[in-house]
Amino acid sequence: MAKSSLGQDSESTAAVAVLKRAVELDAESRYQQALVCYQEGIDMLLQVLKEDAPDQPGCSTKESSKRSVLRTKISGYMDRAENIKKYLDQEKEDGKYHKQIKIEENATGFSYESLFREYLHETVTEVWVEDPYIRQTHQLYNFLRFCEMLIKKPCKGLGNTQQSIGLEEIKQSLRSHGVVLEISYSSSIHDREIRFNNGWMIKIGRGLDYFKRPQGRFSLGYCDLDLRPCHETTVDIFHNKHTKKI
């Protein structure tokens with residue numbers, strides 16, 4: 001049997017909610033986030049359209065009319081998403097792209113993978129990390145998790161005694177995955193930034209060290225950083241096609 005109504009099933013309701021959020025973000029000029037929501041909402045509506053094929057028994061004229069309206073809406077959302085994508089591509093081409101993410105105190109859902117995944121493409125073969133605070137044990141673990149994230153993504157590359165030993169161990173481990181880690185030290189840098197050689201540059205107020213200490217070794221968020229509460233910080237993301245190497 002066909003679904004009784006395209007507008008009342010849970011999948012349609014979820015799609016409408018996502019697209020409503022896309023429109024809100026669009027109106028606030030938060031285009032990158034709006035584009036993600038448009039694409040997700042469109043995919044959900046297309047799935048609804050696919051599941052309610054017109055040749056199914058019981059498909060009424062009223063439902064066929066709703067399908068026609070739905071196709072028109074999908075087309076409109078697709079046009080808007082395409083226009084936003086063209087605009088963002090041009091911003092990146094001109095080196096004007098800037099996105100800011102505000103991480104609130106105790107917020108969750110900001111693992112390295114969640115934060116960086118949309119900027120790591122197959123074109124990335126080199127990554128530069130400038131962070132004067134990769135010294136203490138938990139900071140070395142943060143850097144290790146960042147490296148693990150790079151290994152899992154489709155990209156092709158990449159003081160004191162405790163710091164030196166920890167970084168050297170990470171370096172040897174990365175080498176077994178075909179990734180070369182080059183380390184240099186500076187007594188003057190304070191700013192923190194991460195750059196990929198596909199033009200993306202990310203500046204995080206607290207660097208990689210924006211996670212709070214877990215409540216215990218067996219508490220949620222100890223392993224999965226998406227569940228780990230964060231310190232308040234700001235993430236600024238830029239794109240510069242002509243990013244220079246160090």
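This is a predicted model: local features need pLDDT of at least 70, side-chain atom pairs count only at pLDDT 80 or more; totals for chains, interfaces and linings use all residues.

Student: Which residues is Ile103 in contact with, leaving aside its neighbours within four places in sequence?
Tutor: Ile103 lies in strand 1, and a contact here requires heavy atoms within 4.5 Å. With the sequence neighbours within four places left aside, the partners of Ile103 are Phe110, Tyr210, Cys230, His231, Glu232, Thr233 and Val235.

Student: What is the order of the strands in the open sheet, and which strands stand at its edges?
Tutor: The open sheet has five strands with antiparallel pairing, in the order 1-5-4-3-2. Strand 1 and strand 2 (127-130) each have a single partner strand, so one side of each is left without a neighbour in the sheet. Neighbouring strands are turned by 15° against each other on average, direction ignored. The strands at the edges are therefore strand 1 and strand 2.

Student: Over how many bridges do strand 4 and strand 5 pair, and what is the bridge partner of Ile202?
Tutor: Strand 4 (residues 200-204) and strand 5 (residues 233-239) run in the antiparallel sense and pair over five bridges. Within strand 5, the residue bridged to Ile202 is Ile237.

Student: Where does helix 5 pack, and what angle does its direction make with that of strand 2?
Tutor: Helix 5 spans residues 137-152, and its 16 residues reach 23 Å from the first C-alpha to the last, close to the 22 Å expected at 1.5 Å a residue. Among its buried residues are Leu140, Phe143, Phe146 and Leu150. Helix 5 packs on the sheet, where it touches strand 2 and strand 3 (193-196), and its direction makes with that of strand 2 an angle of about 165°.

Student: How many aromatic pairs does the structure hold, and what is the angle between the planes of Tyr31 and Tyr87?
Tutor: The structure holds 10 aromatic pairs. One of them joins Tyr31 and Tyr87, whose centres are 5.3 Å apart and whose arrangement is edge-to-face. This pair links distant parts of the chain, since Tyr31 is in helix 2 (residues 31-51) and Tyr87 is in helix 3 (residues 61-93), 56 residues apart. The angle between the planes of Tyr31 and Tyr87 is 70°.

Student: What are the relative accessible areas of Tyr31 and Tyr87?
Tutor: Both values fall between the 20% and 50% limits. Tyr31 is partly exposed at 23%, and Tyr87 is likewise partly exposed, with a relative accessible area of 40%.

Student: Which aromatic cluster includes Phe116 and Phe196?
Tutor: Phe116 and Phe196 form an edge-to-face pair, 6.3 Å centre to centre with 80° between the planes. Both residues are buried. The one cluster that includes them consists of Tyr112, Phe116, Phe146, Phe196, Tyr210 and Phe211.

Student: Where is Ser29 found, and what is its phi?
Tutor: Ser29 is found in the loop between helix 1 (10-27) and helix 2. At 44% relative accessibility, Ser29 counts as partly exposed. Although Ser29 is not a glycine, its phi is positive, at about 65°.

Terms used: Residues are numbered from 1 along each chain as its sequence is written. Side-chain values use heavy atoms; hydrogens and water are left out. Helices (H or I, at least four residues) and strands (E, at least two) are DSSP runs, numbered from the N terminus. The expected span of a helix is 1.5 Å times one less than its number of residues. Buried means under 20% relative accessible area, exposed over 50%, partly exposed in between (1.4 Å probe, protein chains only). Rings of Phe, Tyr and Trp (its six-membered ring) pair if their centres lie within 6.5 Å; planes under 30 degrees apart count as stacked, over 60 as edge-to-face and the rest as tilted. Two strands pair if DSSP finds at least two bridges between them. Axes are lines fitted to C-alpha atoms, for helices over the stretch in contact, and angles run from 0 to 180 degrees between N-to-C directions.
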